[in-house]
Amino acid sequence: MNIDRYLRCACFWLGFLARVCAAEPASKSPGSSPPALIAPAASVGTGLLLQPPLDLAWFTHEMFVTNASSVGTNRIHRPWTSPVVTLPAHRRSGVNGLKEEEVKAYMMDARRRFDAGEAVPLSDAGLISTQEDVVRRPMLNHIAAFSNAVVRVYLLVQKTSTDKGWSYFSIVQDLTVNPAVDYYAEVRQTGPKLEGTSCYKCHSSGPLAIHPAREDLVLDAPLAAAIGRHIASQPRSIFHFPADSPAPERGEVLALKFCSRCHSSDPDADRDALYQVQSHPIRILVDFGYMPPDRRLKPEEIVALKAWLDRKQ
Ligand code: HEC
Ligand code: HEC
């Protein structure tokens, strides 16, 4: 074995051990003990990435804090006891399916609360949107969660490290129907614009777990872990596509057993099925060792996954 391969192999196993040691115990009861911190992102060198892992060494913790704080220091890194802000009870009782105006009102309310410093957002440079060719520079996110008995509301306030202004996005999960229905929108000052086509490329199963691009590119790591756990405990849901933003061509379904035993359209599966259109988050979550969650893929499994990813849609 040459020294380079030896080092890569050693790093792989060290990373693996670190993750096993940091892994959350297999407890399903949310809200009990604080969750383990999110394992730091490190490529395990699967060869699945289309671009080399981005070197973010130049983007220091201080630069991150300055850049993230431009949204308003009163709005972020706030003290918290519960990671999810409780909303007042829904006005209409006995609801079976929220109306579109009600969904949009929740989105606007989340934006208003964030602006007023009434949200509890985590701030990070996200791994998935920073890596590969999506933007290929730090993508700064502030993510806040809200809920009452009928909805789970998420707000994302986002910009790249070089943008000036922040954009607002929201996901509202309507829990009054079974399965729950997820609405996506860009929340403009003038009101939310419901979206579907572009969001589905990453959000295959509703809100996505939090993955900072580096351990020190997050404000309030315990909060990120707590919101991550809230997201992971979400019910199975259906993606709402508005008429003017329909489902994109999905391509082939990912039927490799080592993924599809958890990701499939079977309602009992943990997560919804993955398709070729989701290649980007798949390449990243597998290459950075987050998927599958409990072990590393064997070389022959990586070969099979790579062949599936590289197939023309
Ligand atoms: C390139 C992939 C990608 C696309 C496309 C995308 N998102 Fe996301 N989104 C993410 C990732 C990754 C996170 C978690 C970021 C982190 O780790 O900080 C996220 C987080 C969010 C959150 C916070 C709750 C959560 O899921 O963690 C909201 C709200 C959100 N996105 C809305 C949207 C909407 C609305 C669209 C479509 C207009 C969209 N996103 C398109 C990748 C994407
Ligand atoms: C043991 C069950 C399990 C297996 C096996 C598994 N996943 Fe996941 N996956 C999850 C869970 C749970 C989440 C959401 C929570 C998280 O991201 O930590 C998830 C999230 C994801 C996401 C983000 C979209 C989503 O569903 O939220 C992608 C992409 C993904 N997995 C890809 C894969 C791929 C590719 C494989 C096979 C190499 C795989 N997973 C194997 C359980 C699994």
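Helices (H or I, at least four residues) and strands (E, at least two) are DSSP runs, numbered from the N terminus. The model is predicted: local features need pLDDT of at least 70, side-chain atom pairs count only at pLDDT 80 or more, and totals for chains, interfaces and linings use all residues. Residues are numbered from 1 along each chain as its sequence is written, and chains are lettered from A and ligands numbered from 1 in the order in which they are written.

**View 1. The shell around ligand 2.** Helix α7 (279–287) and helix α6 (257–260) each supply at least two residues of this shell, and α7 gives the largest share, four residues. Of the 24 residues around ligand 2, those that come nearest are Ser 205, Ala 209, Cys 259, Cys 262 and Met 291; a residue is near a molecule if its C-beta atom, placed from the backbone, lies within 6 Å of it.

**View 2. The shell around ligand 1.** Gly 126, Ile 128, Cys 199, Cys 202 and Pro 207 come nearest among the 28 residues around ligand 1. Elements that each supply at least two residues of the shell include α4 (127–130), β4 (151–160) and β5 (167–174).

**View 3. Strand β2 and its partners.** Strand β2 (residues 122–125) pairs in the antiparallel sense with β3 (residues 139–147) over four bridges and with β8 (residues 218–219) over two bridges; two strands pair if DSSP finds at least two bridges between them. Asp 124 has Asn 141 of β3 as its bridge partner, while Ser 123 is bridged to Leu 219 of β8.
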